[in-house]
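Please work through each task before reading its solution.

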Amino acid sequence: MSKPVVATTSLAGCFGCHMSLLDIDERILDLIELVEFNKSPINDIKKFTKRCNIGLIEGGCCNSENVHVLKDFREHCDILISVGECAIMGGLPAMRNGIPIRECLEEAYINGLTVQNNTGKIIPNDAEIPILLDKVYPCHEVVKMDYHLPGCPPRADLIWEALVALITGNEMKLPYQVIKFD
Amino acid sequence: MGQKITIEPVTRVEGHGKVTIHIDNNGNVTQTRLHIVEFRGFERFVQGRPYWEAPVLVQRLCGICPVSHHLAAAKALDVIVGAGTGEGLTPAGEKMRRLMHYGQIFQSHSLHFFHLASPDLLFGIDADPQKRNILSLALENKELAVQGVMMRKFGQEIIEATAGKKIHGTGAIPGGINKHLSSFHKKRFLEGDSPMNIKTMIEWSVAALEFFHDYHEKNKNIIDEFVEFPSSYLSLVRKDGALDLYHGVLRAKDRDGNIILHDVDYQDYLKYIDEEVRNWSYMKFPYLKEYGKETGWYSVGPLARLNNVDFIDTPLAQKEFEKFKSYNNGKLSHRPMHSHWARLIEILHSAEKMEELLNDPDLMEGPLTKKGKKQSEGVGLLEAPRGTLFHHYKINSYDQIEMCNLIVSTTNNNQPMNNAVNQVAVKMMTGKEEISEAMMNAVEVAIRAYDPCLSCATHALGQMPLEISLFKGDQLIDKKQNR
C-alpha cells in the first residue's frame, strides 16, 4: 500500500503552527517514513501533483487569495484540518474585524510616526498586490472543515497524535496536557 | 512597447512576495520590484488594549521568531513601567530574557542553515527545488539532518524553560520576567545525555562552521562572486563595540566603513529613521533621515552586525570573527552570501552565551521584576535573528495602548533585497526574451541570502517559490515556474 499523502499551507497565519509541526523534532524522521508530503512550504512543492489524504490548514482568510488556496485544498484533500486558532476562528489577525480596514491602512501608512513624510498620503494599492477582504474569516466559513486542532499554536504532540491517529485509524489520545494551552 | 516580467509565488498566497521586471524594446531592464503582498493592520487593532498584553499579542505576527517580538515589546514596556532600558532590570530579569533570546537566535539560525541553506549547498543551487529541502536532506544525509533537528530542538527547549512555551510564550513581562531558571532545567541543559547538552551544541556549532569553510573553499564563485553591491549597515552594538544581540546603542556604517550613526540611544530613533511608503508594496522602505530616501537606505541582519561590531566577547566566536575580518581584509563585506557565514558565527556565539548564562547563579534567585515612575511612552529595540527590530508604544491614562509603531527586521532589508534582485535581473535578463531556469534560481538565491522573515514580511520558510511571466504589452508570451 502506498503511503498516505499530506499537504500543508499557511494562509493568514504567522507560521507558528508549521513551526509547531517541526517541534515534533526527531519524530520528523519517523513522519517521513509514515507519510509522503505533497504541496507544502516545508518541502517547497507549490502545486498539487496528486490527490491528498490529509490537508493541514494554518491561518484564516484575510484576502481573496487565501480563499482561492483554501478552495484548492478542499478540492484536492479528502480530510481537511483547521490547525490552530487563526484557522479555527480567525485568531489574532481577526482583531481587525471590528475596525474598518481603511483605518488599519491609514494607521500603518499615513498616521505612523515614521511615515510623517508621506505627504502624498500614499496607501499601497498597486494592481500587483491582492485585495484585502473586509474581515478575516475562519476556514469553516469558507469551505467544509473536517477537524479542528486547538492551540496557539497547537502543541507538537497534539499535531503528531492527530496525524498518527488518522493514518493508523486508531482512536486519538487527548490527555489534558496536550490540549491545554497558555 | 516595453515588456513586463512577473516572478511570483506559484500559489500567489504562500509566497507573499513577488517580483516584477520591466524591459524596454532593446532588452534593457528598466525597473525591478519586489512586492510584499501581506497586510495585517497590527498598529491599529492593538490600540485600546491594555499595554501588558503587547508582548503576547505582538509576537503572533511571527511564529518563526516570536521571542524577538515578545522581548522587543517587553523592553519598550520596561521603559513605560519605569524600569529603564536594558541594564536597568534585575539580574534575574535581564539574564533570563537574554537566555531566552540566545535560545531563539540559536534555533532560528539553525532552522535557516540546516533546514534551508544546507540543502542548497549539499545538492547545489541548480538542483531540482523539490530536492532542496530538509526532508530530502533527512533521506540522503541523515547525520546532518539530525544535527539540524536537534540544534533547533535545543534552542526551542531553552525558550520553553524561560518563556513557558516553545512558541508564543509568556515569560517576559513589563519590568522583568515571570520566573527563575529551575535547577531541573539547568542540570538538563548542562549535563543532559548527549546530544541534548550545551557542550555538544557548541561542538556542533564549530562543526557547522567547518562544513561552511570547506564549502567556501570549493565554491568561491557562489559565496564570494554571486552578488555584491555596496550598502550601509545598521545594528545595535554594545557600548564598548562588542556584538550584543539583546541590548545596545544604534550604530550605522556607510559603504566605506565610516561610522555615520555614532552609537546613539535608540529611545531617540525617530530623530534618525524614517520610512517611505511606495504604492506597490505593503512593506515600507526605511532610511536614515540625514541621508534621505534615495541614499539613506541600509541593510540589517547577521552580516550588518559583523560589519558593525569591533569584536565578539566569547572566545570561539571571536576566533571565527577574526577569520571573517581578515578574509575581507579588515573591510566591510558587501557580499550578501557572506550572511550565511555571519549567521554561523552567531550560532556559535549564542551557544557560548547560553553556556555562560546556564552557569550563572543569578538566573536562579533574586527579584524578578523592577518598577519605577510610570512613563507614557517607550521604545524597545533588539537584534532579532534577521536584524534590528523596533517597537514603540504610547499609552493613555487608562493604561491602554494609544499608539504602536513597528519596524520589523525584514522591512529594514526592503531596499537591499530590491537592489539584489535588480542586480541579478540586469545580469541575467538583459537582451533576453525568454526566462531561463538560471534566472529564476539566481533571484531565489539572492533573496534567500537575506533570510527574509516570512511571517513578518513574506511567509514561505525562507524559500521564494517562483513563477515568471513574460509580457509584451499586456500579452503573455512566456511563462515558467520552478516547481
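Pro153(A) is found in a loop of chain A, between strand 7 (147-149) and helix 6 (156-168). Helices (H or I, at least four residues) and strands (E, at least two) are DSSP runs, numbered from the N terminus. The model is predicted: local features need pLDDT of at least 70, side-chain atom pairs count only at pLDDT 80 or more, and totals for chains, interfaces and linings use all residues. Residues are numbered from 1 along each chain as its sequence is written, while chains are lettered from A and ligands numbered from 1 in the order in which they are written.

**Exercise 1.** Determine which residue is joined to Pro153(A) by a cis peptide bond, and where Pro195(B) lies.

*Solution.* Begin with chain A: the cis bond links Cys152(A) to Pro153(A), with omega about -10 degrees. Turn next to chain B, where a cis peptide bond joins Ser194(B) and Pro195(B) at an omega of about 5 degrees. Pro195(B) lies in the loop between helix 7 (183-191) and helix 8 (198-218) of chain B. As background, most peptide bonds are trans, and most residues other than glycine have a negative phi.

**Exercise 2.** Locate Phe15(A) and His168(B), and decide why each counts as buried or exposed.

*Solution.* Phe15(A), although not a glycine, has a positive phi of about 80 degrees. Its place is the loop between strand 1 (5-10) and helix 1 (16-22) of chain A. A residue is buried if 20 or more other C-beta atoms lie within 10 Å of its own, exposed if 12 or fewer, and partly exposed in between, with C-beta atoms placed from the backbone. Phe15(A) has 25 C-beta neighbours inside 10 Å and therefore counts as buried.

His168(B), also not a glycine, has a positive phi of about 60 degrees. The loop that holds His168(B) runs between helix 6 (142-163) and strand 4 (172-173) of chain B. Because His168(B) has 27 C-beta neighbours inside 10 Å, this residue counts as buried.
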